[in-house]
Amino acid sequence: MVSLKEIKTRIASVDTTLKMTSAMRLISTAKLRKTEAVAGYISRYEEELSSLAVEVMRYLGDMASVSVGGYGSENLSRRAVLVVVASDTAFCGAFNASIIRLAKDSILELGDKGYTVEIWPIGRKCAEAFGGDPETVRHYAPLASVPTAEGALALSEALSRLFVSGRAGHVEIIYHRFVSIASQRPMREILLPLAMPGAESVANVPDYIFEPSAGEVLRGLIPCMLSAKVYSALFNSLASQHAARSLAMQLASVNARDLRDTLNLSYNRLRQGQITSELADINQE
């Protein structure tokens with residue numbers, strides 16, 4: 001039979017856990033407010049930049065494939081690079097498991113198409129799951145917790161060099177897109193080769209005036225667009241991470257309170273039983 005002392009010890013342990021989960025929820029919620037706002041700004045910037053690049057491609061029509069150079073054309077390389085963005089720490093529910101599962105599905109899909117897949121992990125949990133080149137991990141894994149414009153630019157430039165030089169034939173980024181505190185959507189986004197506008201979308205393009213030429217504008221836009229896509233993915237993932245951790249800690253706090261109430265009830269029943277037993281002994285005397 002469990003003693004009163006053992007139940008009191010368990011209650012104290014649950015109280016300590018409850019304090020920790022409540023504090024972690026408050027911290028994650030505070031970080032989320034700031035990160036969510038930045039992620040929203042960057043996502044809108046990336047969308048406008050991508051829309052502008054597509055509009056210039058539509059203006060150029062058949063010449064767009066020439067202007068984008070090696071960014072838009074398939075090459076003979078059967079090497080695919082997957083940039084997988086997870087987190088550095090745990091306590092965020094199924095956040096890491098869902099992105100790792102999507103990455104594994106992507107590896108199988110690309111393998112069926114004849115690609116040899118290489119993972120570039122962003123975040124310690126992803127590096128633990130997939131490994132990867134130590135130099136690549138050292139340079140880019142910290143971007144999961146501290147995304148920077150410089151880091152996103154360096155990553156996008158490294159990926160672009162691989163693709164344009166023909167050392168990679170397919171580049172994707174896998175991350176969580178932040179929707180709300182209760183919803184984070186795992187995403188696969190193809191970075192390279194660039195998706196070119198179809199012939200039907202080229203009709204009725206306004207007669208823009210470009211200075212310098214449209215081709216030069218497009219060549220300048222593409223690196224900026226790729227860097228913005230990577231930067232947006234990093235911040236969306238970070239906001240999703242904070243949201244998932246806040247929700248996980250909220251659920252953990254609810255479970256801890258329920259367990260504490262159950263233990264308190266057990267403690268009171270056991271104590272009441274002992275008191276009743278002692279009173280019965282006194283009456284018998």
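How do the residues of the lining of the largest cavity divide into nonpolar, polar and charged? They divide into six nonpolar, two polar and no charged. Here Ala, Val, Leu, Ile, Met, Phe, Trp, Tyr, Cys and Pro count as nonpolar, Asp, Glu, Lys and Arg as charged, and the others, Gly among them, as polar.

A word on the basis: this is a predicted model, where local features need pLDDT of at least 70 and side-chain atom pairs count only at pLDDT 80 or more, while totals for chains, interfaces and linings use all residues. Residues are numbered from 1 along each chain as its sequence is written, and side-chain values use heavy atoms, with hydrogens and water left out.

**Cavity and pocket**

On a 1 Å grid over the protein atoms alone, a cavity is a set of points where a 1.4 Å probe fits but cannot get out, and a pocket is an open set with protein on both sides within 12 Å along at least five of seven lines; lining residues have an atom within 4 Å of a point. Grid points are joined across faces, edges and corners, and a volume is the space filled by probe spheres set on the points. Helices (H or I, at least four residues) and strands (E, at least two) are DSSP runs, numbered from the N terminus.

The search of the whole structure finds one cavity of 30 Å³ or more. Its lining is made of Ser156, Leu159, Ser160, Val171, Leu191, Leu192, Leu226 and Val230. Helix H6 (149-164), strand E4 (183-192) and helix H7 (214-284) each give two or more residues to this lining.

The largest pocket is lined by residues including Ser50, Met57, Glu189, Met225 and Lys229. Helix H1 (4-60), E4 and H7 each supply two or more of its lining residues. By class, that lining has eight nonpolar, one polar and two charged residues.

| Space | Volume | Element giving the most to the lining |
|---|---|---|
| Largest cavity | about 30 Å³ | H6, three residues |
| Largest pocket | about 180 Å³ | H1, four residues |

**Nonpolar cores**

A nonpolar core is a set of buried Ala, Val, Leu, Ile, Met, Phe, Trp, Tyr and Cys residues joined through side-chain atoms within 4.5 Å. Buried means under 20% relative accessible area, exposed over 50%, and partly exposed in between (1.4 Å probe, protein chains only). The largest core has 48 residues, and Trp120 and Ile122 have the most contacts inside it. H7 gives the most to this core, with 15 residues. A second, separate core of twelve residues includes Ala86, Ile99, Ile119 and Ile174.

Met249 sits in helix H7 and is buried, at 6% relative accessible area. Leaving aside neighbours within four places in sequence, Met249 is in contact (heavy atoms within 4.5 Å) with Thr21, Met24, Arg25 and Phe91. The C-alpha atoms of Met249 and Thr21 are 5.2 Å apart, though 228 residues separate them along the chain. Phe91 belongs to the loop between E1 and H3 and is exposed, with a relative accessible area of 52%. Phe91 also has a positive phi, near 60°, in a residue other than glycine.

**Other backbone details**

Two cis peptide bonds deserve a look. One joins Leu192 and Pro193, with omega about 0°, and another runs from Glu211 to Pro212, with omega near 0°.
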